[in-house]
Every structure is written in C-alpha cells, then in structure tokens.
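The exercises below ask for close reading of a structure, and each is followed by a worked solution. Please have the sequence and the coordinates open before starting.

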Amino acid sequence: MNVDKIIASLPAMSQQERDRVRANAQNLIEKGSTVQQAAAAKVVAELDEVAEAEHRQLVDRLSGMEVSARVVEAFTTQPMTETEEKIVRALIENPNSSSTELSRKCGWGGQSWHMHFGTMCFNRAIYLWPAPKSEARETDFYSGILADWSEENQWTIKPEVEAAFAELGVTAKA
C-alpha cells in the first residue's frame with residue numbers, strides 16, 4: 001500500500017471516493033497485518049485532517065456572509081427537493097400560521113410541516129449556521145435559522161430569508 005500516494009490524492013477526491021478509502025482503511029485496521037494497520041491508521045488520520053481543514057475553510061468563508069447569501073449558498077449547493085419547496089412556499093404564503101395549519105396547506109396532518117422544515121434546515125446547517133438555541137429543550141433550534149416562531153406557536157419566514165428564496169425562484173404563487 002503506497003500510503004503517501006493515497007494521502008497526496010485525498011484533497012482532490014470526491015466525498016464518495018474518500019468514504020470508500022476510509023472504509024477500506026477501517027477494514028485494514030480491523031483485519032490487516034500490523035504494517036497494513038499502521039498504514040491504514042495514517043490514512044484515516046489524514047482523512048480526518050483534510051475534512052477538518054475543508055470545514056474550517058468553509059466556516060471562514062461563510063462567517064463573513066449575510067444570512068441571505070448563506071441561504072442562497074445552501075440551497076444552490078444542495079438544491080431543494082419538491083417537498084422542501086412545498087414547505088417553504090407554504091410558509092411564505094401563510095405567515096403567522098401554526099405547524100398544524102402549515103401541515104394542512106401541504107396536504108398533511110399533525111405537525112409534519114415542522115418536522116420537514118427542521119430537517120431541511122438541519123441538513124444545510126453547515127451553510128446556515130449558527131442555529132439559535134431552543135427555548136423548549138436542550139438542543140439547537142434549526143427551524144429558527146430561517147423562520148421566526150412566536151409564543152402563540154405561529155411561524156413567519158424571516159424577511160432576509162424570503163428575499164433569498166425569491167432569488168432562488170421560490171415565491172408565493174400568484
């Protein structure tokens with residue numbers, strides 16, 4: 001195993017290629033010879049270093065951006081699904097609505113809208129960060145990155161976020 005050659009190629013690899021390299025290295029750590037285990041451990045350590053360096057670069061780049069620019073970046077890098085567009089449009093078209101009301105606008109029951117919206121924010125948290133702290137529980141409030149939640153349990157999209165979505169073509173239907 002030419003570890004130095006593998007390590008040198010890591011920055012140019014896609015995430016999928018890195019995942020495959022990591023899986024192979026983990027396998028060698030578990031089942032390989034002593035020499036293979038040491039080489040594989042070196043590869044895993046370097047994979048961690050590359051990921052951390054890229055993360056720092058991304059955070060540094062995003063930290064100087066306004067919220068609206070981060071929203072555009074997030075949804076350009078990871079485009080919305082059809083469901084995500086539906087939940088965003090429901091919020092834009094129905095400000096000051098409860099999760100139940102927004103769920104109904106999407107054709108669902110219960111609090112489904114809230115779950116989908118929070119998941120959408122969580123999946124793009126690296127671009128949208130920081131999430132405010134939840135007042136209801138000990139966790140980050142991912143939905144609060146893009147929308148305001150009132151004491152009356154009503155949701156409203158933040159104006160700068162609505163402007164970003166308009167830039168991406170997601171607006172209230174006429």
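**Exercise 1.** How many residues does the largest nonpolar core have, and which of them have the most contacts inside it?

*Solution.* The model is a predicted one. Its largest nonpolar core has 30 residues, and those with the most contacts inside it are Val71, Leu91, Trp113, Phe117, Leu146 and Phe165. The next step is to ask where these residues come from: two or more residues each are given to this core by helix 3, helix 4 (67–77), helix 5 (82–93), helix 7 (112–123), helix 8 (125–128), strand 2 (155–157) and helix 9 (159–167). Helix 5 supplies the largest share, 5 residues. Finally, a second, separate core has 13 residues, among them Val3, Leu28, Leu47 and Val50.

**Exercise 2.** Describe how helix 2 and helix 3 pack, and classify the residues in their contact.

*Solution.* Begin with the geometry: helix 2 (residues 15–31) and helix 3 (residues 34–63) pack at an angle of about 145 degrees, and their axes are 8 Å apart. Helix 2 passes helix 3 in a left-handed crossing. Next, list the partners: Arg18, Val21, Arg22, Ala25, Gln26, Leu28, Ile29 and Glu30 in helix 2 meet Gln36, Gln37, Ala40, Ala41, Val43, Val44, Leu47, Asp48, Val50 and Glu54 in helix 3. Sorted by class, this contact of helix 2 with helix 3 has 10 nonpolar, 3 polar and 5 charged residues.

**Exercise 3.** Why can the buried residues of helix 9 be said to line one face of the helix?

*Solution.* First identify them: Val161, Ala164 and Phe165 are buried in helix 9. Seen down the axis of helix 9, the buried residues fall within an arc of 100 degrees, so they line one face. On the other side of helix 9, Pro159 and Glu167 are exposed. The cover over the buried residues of helix 9 includes helix 4, helix 5 and strand 2. Just after helix 9, Gly169 takes a positive phi of about 90 degrees.

**Exercise 4.** Is Ser99 buried or exposed?

*Solution.* Ser99 lies in helix 6 (residues 99–105). Because its relative accessible area is 5%, and buried means under 20%, Ser99 counts as buried. Leaving aside its neighbours within four places in sequence, Ser99 is in contact with Gly110, Gln111, Trp113, His114, Asn153 and Trp155.

How values were computed. Residues numbered from 1 in each chain as written. Predicted model: local features only at pLDDT ≥ 70, side-chain atom pairs only at ≥ 80, totals over all residues. Heavy atoms only, no water. Axes fitted to C-alpha atoms, helices over the stretch in contact; angles between N-to-C directions. Helix = DSSP H or I, 4+ residues; strand = E, 2+ residues; numbered from the N terminus. Left-handed = near helix turned anticlockwise from the far one by under 90°. Contact = heavy atoms within 4.5 Å. Nonpolar A, V, L, I, M, F, W, Y, C, P; charged D, E, K, R; others polar. Core = buried A, V, L, I, M, F, W, Y, C linked by side-chain atoms within 4.5 Å. Buried < 20%, exposed > 50% of the residue type's maximum accessible area, 1.4 Å probe, protein only. Arc of directions from axis to C-beta.
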